[in-house]
Amino acid sequence: MKSIIRLISAFVAAAVVCGCGSNKKASQNANVQEELPSVTTVRVEARDIPQISSYTSTVQPYVKNNIAPQTASRIEKINVEIGDFVKKGQIVAEMDVVQLKQAELQMKNNEIEYERLKGLYDAGGLSQSDLDAMQLSYEVSKTTYDNLLENTVLRTPVDGVITARNYDEGDMFTMGQPIYTVEQITPVKLLVGISEVDYTKVKKGDVVDIEVDAIPGKIFKGTVNMLYPTIDEATRTCTVEIIVPNKDKVLRPGMFARVTVQFGVNHNVVVPDNAVVKQTGSGDRFIYVVNDDNTVTYSKVKLGRRMEYEYEILEGVQPGATIVTEGQARLKDGIKVNVTK
């Protein structure tokens, strides 16, 4: 009887020992699981990404002309005021006509004399050289008259708006400032400095979007009209001239503008911005990629454009990869992780 009791006691003791060992092993496995860094992940794919850049500029007149005579003279009449829209060839001011009258009389006198001598020459009573001399005098006096007429009756050379008037009627024009400044605003132009990296992507005829702070919510369409042939050494940019029709004349010179230029479309991987980590002590960026066995691989990446809360990845991550978006602080290349999401 005593031997049976001892046998049962031995079995109970063995069972207790086995149970304790099993519980200890389970506890150790749980501790190992708890020690793995926990990370949040996302699967990334490639998509079409418009290559867009925004630049600031200032609206400028397409043409800006200063209207003034060649010589000092008294202003007889002022015909237009600041803010007036004028047509090409319209008379805007008239100067003192004394010199113009004198030149007109001289021209008419030389014209009459030339016609008289031409008659004599036709009748054989005058040499060719004398006729040529008179013809030259007439042509010189006519050129002088035409020049004085142009500088006495002042006309605008372009369609535009008067933006400055510096004299009043009766003032003596002293050549210090122009009498008028006229600016052509249909169309207007903008000059934009495009970086040398994107310079080759722009061509004449490209359409761009333009916004101005003065007219919020409205987008104007402009066209690349000219690419300057050189790169600025200081800024490493190329100046691009953009023309906006401005048929409704709402854009005015001096307005601050933002120009959006699209350089085409790339098809690349896009990742959340919180997945990108900057390497300490350098400008390198990297991402942790989660492998099938739940280990992570350090992957250096080349960033493209930023789009709000995302980055375009030019190099370093393949489409379909699973990457870490949270929990990178405890990670290093090759360690195993606990994926929570």
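Guide: Two strands are said to pair if DSSP finds at least two bridges between them; strands (E, at least two residues) and helices (H or I, at least four) are DSSP runs numbered from the N terminus. The model is predicted, so local features need pLDDT of at least 70 and side-chain atom pairs count only at pLDDT 80 or more, while totals for chains, interfaces and linings use all residues. Residues are numbered from 1 along each chain as its sequence is written, and side-chain values use heavy atoms, leaving out hydrogens and water.

Let us consider strand β6 (residues 91-95) and its partners. Strand β4 (residues 73-78) runs antiparallel to β6, joined to it by 3 bridges; here isoleucine 78 stands opposite alanine 93 of β6. Strand β7 (residues 153-155) is also antiparallel to β6, again over 3 bridges, and its arginine 155 is the bridge partner of isoleucine 91.

The nonpolar cores come next. A nonpolar core is a set of buried Ala, Val, Leu, Ile, Met, Phe, Trp, Tyr and Cys residues joined through side-chain atoms within 4.5 Å, where buried means under 20% relative accessible area, exposed over 50%, and partly exposed in between (1.4 Å probe, protein chains only). The largest has 23 residues, of which Val59, Ile194, Ile210, Ile242, Leu251 and Val259 touch the most other members. Strand β10 (180-195) is among those that supply at least two residues, and it gives the most, with 5. Isoleucine 78 belongs instead to a second, separate core of 16 residues, which also includes Val86, Met95 and Val158.
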